[in-house]
Amino acid sequence: MMTDEERRKLDQKVFEMERTKLENLELRQKGDRDKMEHHSCVNLLAFVIWISMPNMLESFTATVNAVERVAEWQKVIVVESARKTRQVGMEAATRREEEAKMVASFFSSLFVDGSLSSCLPVLLAAEGYHILLQSVSHVIITTHLSYHLESFLLTSPPLRSPAPPPGRSPYSSGTYCVAYCLLAPLPIVGIAVEDIPRADWFPGATRFFVIYSGQGVSERELRQVPALLNAYNTLYLVHAAPSALDLHATCPFCHGGKATVVQRNTWQPGKGLHLSSETLFPDVFQDLNGRRFRAVTLSFPPFSHYVSGSHKEPLDMQDCLDKRIVDAISETYNFSYQVFEPADGKWGYEVSPGNFTGVLGEVQHRLADFSLDLSIVAEREVVIDFSIGYLLEPLTFVTSKPRPLPQWQAVVRPFGGWVWISLGVALLLSGPLLWLLLRLSFSHLSMPDAVFLTFAALVCQSRPWPSSPHVRVFIATWLLFCLVATVSFVGNLTAFLTVPAYSTTLETLEDLVRSDFTWGINDFGAADYQLFKTSEEIFKGLTFCPSLVACIQKALDENFAFISFSTYLRDAVAMHFVDRNGDTQVHMARDRFFPADTGFALQKGSPLKRLFDRVLRRLLEAGLVDKWLNDLIQQHTLATRRKAAAAARKGRSGGAEALQEGLTLTTYHLQGVFLVCGAGLLFSTLTFVCELMVYSVLESRPCCANNLKWLTCFGES
């Protein structure tokens, strides 16, 4: 709202402008009088010469009288001309005052108790319309902002929206409206109705335009300004009679989906609207009358999928999520659309401040009306509008599936390395400890027998234990230890023999960076590329691959991780990397990072945004978006399984034998047991040979007979 000081300055400026106009008018009138006097003198001299030539002396008195009469006539002419000039100026000023009063009266009826009474009024006037602005600002006492129109268009929006007047709606999307009163010539108005919706002075507001360009404007002139034809929620004041205003509006989609100018009503001072029941701002977007829009996208199943087309030829869209959503919107609001690729084949990134390429650039520069799925990023929202997000889509990566570990390791895999070391130490200490306790209790048991006795208990072999009461606690403790260890080993061994174990997998982005894997993305210049540019550690190892299938195949064959959006990878794997049993051939990491909403990109200030938002909310509330997405992925999975099954039937007949084979333990599963058995037999054979060799050597030497006798006694004891 304008302050008293601002109103005083504006009144002073208007007064100075009027005074300057009057001074200019007086100067012009004085110049006209001087010219007329000069011409009169010249004419008079010529007349005198002409009448004096025949008889100058005789006609001198008559000539003097004629000059006096001509001078009197000239004075009368000059006075009459000045009077008429003042009268014309007064009549023009009167007409301007009447014009200003009538326009101000209409604005008053519109904003005080009319259809725009709940909106925030913003008065914008061009040069030469300040008297009209003053009259309008006097009747609209709740004016929110008052600007010179050209200055307003060149001024950047404030970081924070101006505070609303008392009693107005708060600033939140969709809860308030702003009415722009434009007092300017039509060419400037055309620029204003294009630029104002793109600005962010009142984010989320519904905008209305009430436009007055003077008395000489006609409906035909409105049709000649293309920017006005594409505007909506507009009302143009056109003089139909000295005391009436025709109210015209532009309708972008009324004439067979094309723009046209229609007359909404007629207004007269004191009488109001001629058709009181007709609304001045009907919703022209309920039916778009078959208007055809241009969309832009790239292949990104299951969101967008096509088999042919280019940036010149419409794409042959296949069944996909975005097609189902846009079809639902087009059926609701009666419009059609064609989809094209961007000219550069990129999703788009910022090449200079506020300038994007690819899909984003085509929407930003108004080469396309909207795009299919795009990640909603703050930097993009500066130059385009997004619909509400319909799917939270994070990034993840796929690698080759973990490879089976060697089956011969199944015998040792039930326990970890430290458990095996602990068991070995316990076994080595338990035998000598049992022998020592028996010796202290005056019981007799050889050292080898004590060691083998403890080992037999560990492998569930029943042996008679010593009956000495001094070792009962030790024996009970050892048997309990053996029971727990044996049961744990046998239970895990069964699982490892029947279910193969696999190597460790990469599950997080940190694991990937620390591993010896390389990683890469599709070179589409999309949001993932912009994200990784901010991380030097990831970006320096980033590689690019030519296509989706080639990227995943590379991950399947090499130590390579392909990074992309989660749903995109799920669908790609379902379409190309599923076997006949429905098992995927690649591993998808559990980690999800850089979650971003997916939405439709629209031109800045586009009225289509609220249409997309309205239908998207209904689809999300009904759960149709998630259902459609899961249905599409399931369809692709089933189709791939059928292809794999058909290929398998060509290669071999049936799979019953393979199924039966999978239920029976084979030498492959028990190869570890046979290896342990073979190693034990080999070790025992070597030990026996060594014993024979040592015994024969000691027996052949008389000097070692006593040592041989001692060893024999030690073994028997």
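What share of the contacts in the protein chain with a separation of 6 or more comes from residues 24 or more positions apart? I looked this up in the model, which is predicted, and found 70%.

Overall make-up. I recorded 22 helices and 20 strands in the protein chain. Of its 717 residues, 40% are buried. The chain exposes about 39,700 Å², and carbon and sulfur atoms supply 60% of that area.

Disulfides. I searched the whole structure and found three. Counted along the chain, the bonded cysteines pair as 1-2, 3-4, 5-6.

I took cysteine 119 and cysteine 177 to begin with; their S to S distance is 1.8 Å. This link is left-handed, at -100° about the S-S bond. It connects distant parts of the chain, 58 residues apart: cysteine 119 sits in the loop between α2 (60–111) and β1 (120–125), and cysteine 177 in strand β3 (residues 177–183). Both cysteine 119 and cysteine 177 are buried.

I then noted the disulfide of cysteine 251 and cysteine 254, with sulfur atoms 1.5 Å apart. Its angle about the S-S bond is 70°, a right-handed link. Cysteine 251 counts as buried because its relative accessibility is 0%, whereas cysteine 254, at 36%, is partly exposed.

For cysteine 545 and cysteine 551, I read an S to S distance of 1.7 Å. The link is right-handed, at 105°, and both cysteines are buried.

Transmembrane record. In UniProt, an unreviewed entry lists residues 417–438, 478–499 and 673–698 under "transmembrane region". I checked residues 417–438: the span is 100% helix, and its end C-alpha atoms lie 32 Å apart.

Technical notes: Residues numbered from 1 in each chain as written. Predicted model: local features only at pLDDT ≥ 70, side-chain atom pairs only at ≥ 80, totals over all residues. Heavy atoms only, no water. UniProt positions renumbered as here; feature names shortened; annotations may be inferred. Helix = DSSP H or I, 4+ residues; strand = E, 2+ residues; numbered from the N terminus. Buried < 20%, exposed > 50% of the residue type's maximum accessible area, 1.4 Å probe, protein only. Contact = heavy atoms within 4.5 Å. Areas by Shrake-Rupley, 256 points an atom, 1.4 Å probe, with all protein chains shown as cover. Disulfide = S-S within 2.5 Å.
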